[in-house]
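Here is a quick tour for someone meeting this structure for the first time.

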Amino acid sequence: SAKIANMRDTVVKRLNGLVLGLQQTNVDSAKMFGWIRWKSGADVAKFFTSAHTGFYYPFDSIRIAGKKTKLFVKELKPTRKTYNNPLAEEFAVFKMNVAASSYGTLPVGFQELEYNNTESAFNGMKLVDIVPAIDALLTRWKNNGANYNYANVYTMLHQINDAFASSLADSDIVSISPLIFDGDIMLKDRAFLKRSPTPKSHPSWLNLHSATNIPEQAMLLQNYPNPFNPTTAIGFLLLDVGSVTLKVYDVLGKEIATILDNDIMEEGEHEVTFDANGLTSGMYFYRLTVGSFSETKKLMLLK
């Protein structure tokens, strides 16, 4: 429909092009990693002429039925005919939904909701912060390999996209969840989404004056399960080799545990276990430090 097309074109223009994955500006890095970039809404539309039916996979290869599989490196401007990946399809919709809400093209607030699923590494993350995490997972696929379940990422994105979508039978732009947040469904009816108690986010990928996505040095994920007793898993992403420190603090800011202390770790996704035996129930905070980067999240111990 014209309404969907106008919204899509507006969002892509404000983003200075829709990018999936991590756009590489370094020549050597571009030879190793791949990303998707559409410069206009019309280019994006060509990716949605029919539903994608392939496997859920990161940006490691280009697999077209009847053709030889090619390594996916450098920038790709795919159409539905040249690239078949339901994960990329769903992520493109999700990223535009989040951006549209952030810009006010859709009702404001969608992007600030938290994903609520204690079995997911994304549990407790705002939707706007899930975007750069998935960008990293798609492009930095070598560091995730077969151990990461990309089908689960697809399922989460589809679930969120569908949460507030209305049926637009006349839409000839996208054949999956349409890009609309009409508010007809109450938030309380979607247990996997909740309002965030933290301040509004201002991630770099939504910078109106930036034509590329400049990733942070690292990203701290929400622990799971949360609440927990007595152990919980803490995950984080490194975009390069770095010296990693991970500490836990009480509500008064007193350090109560050191999980990692200037440990040199490779780029990619990592997960460590925190054992809270001996601690009392309550709220604690864990802080990841990698070089000049630092991020803190809260966790809840319930005994």
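Helix H6 (150–163) and strand S12 (268–275) each give at least two residues to the lining of the second largest pocket. Keep in mind that this is a predicted model. H6 brings the largest share of that lining, with 4 residues.

How big is the second largest pocket? Its volume is about 320 Å³. It is lined by 16 residues, and those closest to its centre are Glu-119, Ser-120, Ala-121, Tyr-148 and Asn-152. Sorted by class, the lining of this pocket holds 7 nonpolar, 6 polar and 3 charged residues.

| Helix pair | Angle | Axes |
|---|---|---|
| H4 (residues 86–103) and H6 | about 40° | 9 Å apart |
| H4 and H5 (residues 127–139) | roughly 145° | within 10 Å |
| H5 and H6 | roughly 150° | within 13 Å |

Start with H4 and H6, whose axes pack at an angle of about 40°. Because of that angle, H4 counts as oblique to H6. H4 goes past H6 in a left-handed crossing. On the H4 side, the contact uses Pro-86, Leu-87, Glu-90, Phe-91, Val-93, Phe-94 and Asn-97, while H6 puts in Tyr-150, Val-153, Tyr-154, Leu-157, His-158, Ile-160 and Asn-161. That set splits into 10 nonpolar, 3 polar and 1 charged.

Next up, H4 and H5. Their crossing is left-handed. In class terms, you get 10 nonpolar, 1 polar and 2 charged residues in the contact of H4 with H5.

That leaves H5 and H6, with axes that cross at roughly 150°. Angles over 145 degrees count as roughly antiparallel, so H5 is roughly antiparallel to H6. The crossing of H5 and H6 is left-handed. Their contact is built from Leu-127, Ile-130, Ile-134 and Leu-137 of H5, together with Tyr-150, Val-153, Met-156, Leu-157 and Ile-160 of H6. Which classes turn up in the contact of H5 with H6? It has 9 nonpolar residues, with no polar and no charged ones.

Terms used. Residues are numbered from 1 along each chain as its sequence is written. This is a predicted model: local features need pLDDT of at least 70, side-chain atom pairs count only at pLDDT 80 or more; totals for chains, interfaces and linings use all residues. Side-chain values use heavy atoms; hydrogens and water are left out. On a 1 Å grid over the protein atoms alone, a cavity is a set of points where a 1.4 Å probe fits but cannot get out, and a pocket is an open set with protein on both sides within 12 Å along at least five of seven lines; lining residues have an atom within 4 Å of a point. Grid points are joined across faces, edges and corners, and a volume is the space filled by probe spheres set on the points. Ala, Val, Leu, Ile, Met, Phe, Trp, Tyr, Cys and Pro count as nonpolar, Asp, Glu, Lys and Arg as charged, and the others, Gly among them, as polar. Axes are lines fitted to C-alpha atoms, for helices over the stretch in contact, and angles run from 0 to 180 degrees between N-to-C directions. Angles under 35 degrees count as roughly parallel, over 145 as roughly antiparallel, 65 to 115 as roughly perpendicular and the rest as oblique. A crossing is left-handed if the near helix is turned anticlockwise from the far one by less than a right angle, and right-handed if clockwise. Contact means heavy atoms within 4.5 Å.
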